[in-house]
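Colleague: I'd like to learn how to read pockets and ring contacts in a model. Could you walk me through them?

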Amino acid sequence: MGSPPMPIAYQSTSPAVPHWLNKGDNAWQMISATLVGLQSVPGLVILYGSIVKKKWAVNSAFMALYAFAAVVICWVTWAYKMSFGDKLLPFWGKAGPALGQKFLLNWAALPETTQYNSTGGLETAMAQPFYPMATMVWFQCVFAAITLILLAGSLLGRMNIKAWMMFVPLWLTFSYTVGAFSLWGGGFLFHWGVMDYSGGYVIHLSSGIGGFTAAYWVGPRLKRDRERFPPNNVLLILAGAGLLWMGWAGFNGGDPYAANIDSSMAVLNTNICAATSLLMWTSLDIIFFNKPSVIGAVQGMITGLVCITPGAGLVQGWAAIVMGILSGSVPWFTMMIVHKKSKLLQKVDDTLGVFHTHAVAGLLGGILTGVFAEPELCSLFLPVTNSRGGVYGGNGGIQVGKQIVGGLFIIGWNLVATTIICLAIKLVIPLRMPDDLLLIGDDAVHGEEAYALWDDGEKYDATKHSNYSDETLNPRLSTGATQVV
């Protein structure tokens with residue numbers, strides 16, 4: 001008997017369906033990219049616009065929206081190839097455009113990811129997913145964009161918006177691309193075997209350190225804003241956080257570059273760790289403050305998502321629970337206890353505590369990945385064969401050391417690069433808004449306000465609408481009664 005005919009859907013019947021295209025992988029990768037994009041727009045746009053004081057809602061949301069748009073253009077113009085193209089230096093790729101159809105319609109390939117063993121023989125072939133370069137470029141673009149948006153969380157409520165507009169392309173070019181190429185694109189940390197499944201180091205540790213460093217150079221908010229900075233809409237915070245959580249399926253599920261079994265494992269582990277971390281953070285809030293905080297629960301959710309990211313498809317489910325317990329407690333401790341006792345942390349005005357939720361949680365996740373990475377799962381994803389975590393013996397202890405070194409490189413590079421970028425911008429334009437703008441907020445900076453409520457924004461002016469006085473329209477105003485709106 002002959003073999004059954006190939007389904008029509010997989011027959012190469014047109015130039016739009018080349019022989020190497022896997023429609024399932026291509027569909028999942030584009031969906032994953034869209035999910036990650038939704039984490040930023042509208043996810044973090046909504047979260048940032050809601051978690052800040054009302055007078056900064058528009059500015060905070062706009063910083064996120066601008067960063068997304070700016071990164072897209074910079075990415076396809078020069079930054080993609082700096083992150084995933086041909087090697088320029090051991091930690092950097094050669095800049096170049098990713099715009100022409102001859103490049104974008106080709107079979108996706110990351111040219112520097114070919115892994116050779118110690119004898120010079122082929123260990124792992126070049127990464128070449130079964131879809132076009134256009135899909136790869138867009139998938140990696142949304143990761144770059146969310147990194148800048150996460151960094152912005154450290155700077156809300158006082159950074160000069162024009163300085164931010166300069167900061168985004170500079171930081172993308174001189175900081176993000178270095179981490180991406182070094183750990184993902186075929187740089188020295190990639191070939192050494194440092195594990196970063198989906199960006200615990202490339203995205204979260206770099207945004208946390210970059211944000212903290214930039215916050216130092218930008219300077220603090222007004223004293224009154226630092227002392228009292230209530231969110232303007234807690235329910236919308238939950239909406240933004242929900243988009244962030246659900247979007248993480250694309251964040252971690254898309255990084256095997258295929259809709260395979262490791263992708264499924266990564267998505268499940270992501271949700272296990274996030275849920276555990278949220279419950280752990282909430283429990284600590286109840287134990288020490290006697291109240292479960294909604295914002296605290298969101299912080300715990302985020303630290304769980306961040307912590308599992310470097311090991312999502314590399315650890316077992318029980319390890320994801322352990323990582324969730326630690327991600328819900330260690331960043332809680334650094335934010336609630338250490339922060340209040342540290343002069344340095346008190347001096348730097350990190351508006352949303354990105355240092356704790358992303359830098360601490362990201363480094364924690366990277367080290368724990370070195371501890372818990374399971375050999376069989378490692379073989380499904382990593383280019384370095386026989387990789388394993390510390391609890392599995394063999395060379396696992398060395399892996400923990402590699403994870404620490406990789407984290408230190410990201411920390412050091414971001415400290416230096418972010419400092420130079422901020423000082424360079426400062427020569428051209430102030431990094432911080434002047435105090436008179438900080439007093440007013442959105443209306444002074446953008447000429448717009450988030451909410452136009454009666455008696456809180458646009459006010460009813462009786463002289464423009466009738467001959468009656470305010471007292472006639474509302475007798476309570478003339479009797480001294482308290483007005484309730």
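Modeller: Gladly; we will take the pockets and then the aromatic pairs of this predicted model.

Colleague: How much space lies in the largest pocket, and which residues lie nearest its centre?

Modeller: About 870 Å³ of space lies in the largest pocket. Its lining has 27 residues, with Arg221, Gln299, Met335, Thr351 and Leu352 nearest the centre. Helices H8, H10, H11 and H13 each give two or more residues to that lining, and H13 gives the largest share, four residues.

Colleague: What is the make-up of each lining by class?

Modeller: For the largest pocket, count eleven nonpolar, eight polar and eight charged residues. The second largest pocket, about 580 Å³ in volume, has 20 nonpolar, six polar and three charged residues in its lining. Among the residues closest to the centre of that second pocket is Tyr257.

Colleague: Why is the pair of Phe139 and Tyr257 edge-to-face?

Modeller: Planes over 60 degrees apart count as edge-to-face. The planes of Phe139 and Tyr257 are at 85 degrees, with ring centres 6.4 Å apart, so this pair qualifies. Phe139 lies in helix H4 and Tyr257 in the loop between H9 and H10, so the pair ties together parts 118 residues apart in sequence.

Colleague: Are those two residues buried or exposed?

Modeller: Under 20% relative accessible area means buried. Phe139 is at 0% and Tyr257 at 13%, so Tyr257 is buried, and Phe139 counts as buried too.

Colleague: Where does the charged end of Arg221 sit?

Modeller: Over the ring of Phe229, 4.5 Å from its centre.

Note on methods: Residues are numbered from 1 along each chain as its sequence is written. This is a predicted model: local features need pLDDT of at least 70, side-chain atom pairs count only at pLDDT 80 or more; totals for chains, interfaces and linings use all residues. Side-chain values use heavy atoms; hydrogens and water are left out. On a 1 Å grid over the protein atoms alone, a cavity is a set of points where a 1.4 Å probe fits but cannot get out, and a pocket is an open set with protein on both sides within 12 Å along at least five of seven lines; lining residues have an atom within 4 Å of a point. Grid points are joined across faces, edges and corners, and a volume is the space filled by probe spheres set on the points. Ala, Val, Leu, Ile, Met, Phe, Trp, Tyr, Cys and Pro count as nonpolar, Asp, Glu, Lys and Arg as charged, and the others, Gly among them, as polar. Rings of Phe, Tyr and Trp (its six-membered ring) pair if their centres lie within 6.5 Å; planes under 30 degrees apart count as stacked, over 60 as edge-to-face and the rest as tilted. Buried means under 20% relative accessible area, exposed over 50%, partly exposed in between (1.4 Å probe, protein chains only). A charge sits over a ring if NZ of Lys or CZ of Arg is within 6 Å of the ring centre and within 35 degrees of the ring normal.
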